Amino acid sequence: MLRPVFDPSPAEWISSRLGGAFGAACRTVPRGYPAYARLCHPAERDRGGWASWRDAAAETGRRAHGAMQWHALVGSPDPVNLTGSLWRGSPPGRGTLPSHSLTALLAVLGEHTSASDAWFCLWEGYGWADEATLSREHLDAPRLRHPGRDYLLFTGPLTSATELGWRPRPSWFETQSPNLFWPDDRAWCVATEVDFDSTLVAGEEALIDALLDSPGLDAWRIEPDTSLAADGDRINHLA
């Protein structure tokens, strides 16, 4: 069961390992791990169902690769409004993994840690993160502070990552994947930046290989300094 944490110090190891040029992966997920992966959030098709970025590239005549950007992949010069997009469905969601992708990720991560508990960070700026879903004591607790982002901290078994979220209606639970999480042994660290349409994973080579092989994930190997900025896709670059 997910439990609130009122002292952010267990998470303070991360901030000193963040940095790099604008757009670099390691401004979001910490340096110091042997290998890194990017998990591209799936897009919804206009006729229903999910599509990977590889699927979208095949349908738009573009090339899928680790530093690809969705707007370039679908032929739009506009990274915000996607004007002229060749994709007929919805774009990938930003700031959270869909619940089925999160479940697939947790299954792989659980095989690559000896720890029983993990730590989870939630950005404080979500509109639903109020007294309807969180205790007043937790809302008043000190925050984990990173450049431009402040977080609430939780702990619990790895599977409790699926407990973050809110209920738009009593019968409907909307999952929010953690913005940062890692196990007690720090064998890996996962980051989903609020404005990103992909999730970053740092860990051992074996973990990254397992993510790349997982059929439930659209995973790509990247480097710590791979640029994920809007202009970082040099292969599908639009003049």
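The points below treat the pockets, the cavity and the helices in turn.

1. The model is predicted. Its largest pocket holds about 860 Å³ of space. The lining of this pocket comprises 35 residues, and those nearest its centre are T28, R149, E193, D195 and F196. Two elements, α2 (70-73) and β7 (149-157), each give two or more residues to the lining of the largest pocket.

2. R149, E193 and D195, which are among the residues nearest the centre, are of the types counted as charged.

3. The second largest pocket contains about 230 Å³ of space. It is lined by 16 residues, with S52, P215, G216, L217 and D218 closest to its centre. At least two lining residues come from β2 (35-40), and at least two from α3 (99-109). The lining of the second largest pocket consists of nine nonpolar, five polar and two charged residues.

4. How many cavities of 30 Å³ or more are there? The count is one. The largest cavity has a volume of about 40 Å³, and its lining is formed by T113, A115, S116, D117, A118, L158, P183 and W188. Five of the residues lining the largest cavity are nonpolar, two are polar and one is charged.

5. Helix α1 spans residues 53-60, and its buried residues are W53, A56, A57 and T60. Viewed down the axis of α1, these buried residues lie within an arc of 100°, so they line one face of the helix. The buried residues of α1 pack against β2, β4 (50-51) and α2. Just after α1, G61 adopts a positive phi of about 75°.

6. Helix α5 covers residues 205-213 and has L207, I208 and L211 as its buried residues. Why do the buried residues of α5 line one face of the helix? Seen down the axis of α5, they fall within an arc of 95°, and therefore they line one face. The packing partners of the buried residues of α5 are β2, α3, β12 (198-203) and β13 (219-222).

Technical notes
Residues are numbered from 1 along each chain as its sequence is written. This is a predicted model: local features need pLDDT of at least 70, side-chain atom pairs count only at pLDDT 80 or more; totals for chains, interfaces and linings use all residues. Side-chain values use heavy atoms; hydrogens and water are left out. On a 1 Å grid over the protein atoms alone, a cavity is a set of points where a 1.4 Å probe fits but cannot get out, and a pocket is an open set with protein on both sides within 12 Å along at least five of seven lines; lining residues have an atom within 4 Å of a point. Grid points are joined across faces, edges and corners, and a volume is the space filled by probe spheres set on the points. Helices (H or I, at least four residues) and strands (E, at least two) are DSSP runs, numbered from the N terminus. Buried means under 20% relative accessible area, exposed over 50%, partly exposed in between (1.4 Å probe, protein chains only). The arc is that of the directions from the helix axis to the C-beta atoms. Contact means heavy atoms within 4.5 Å.
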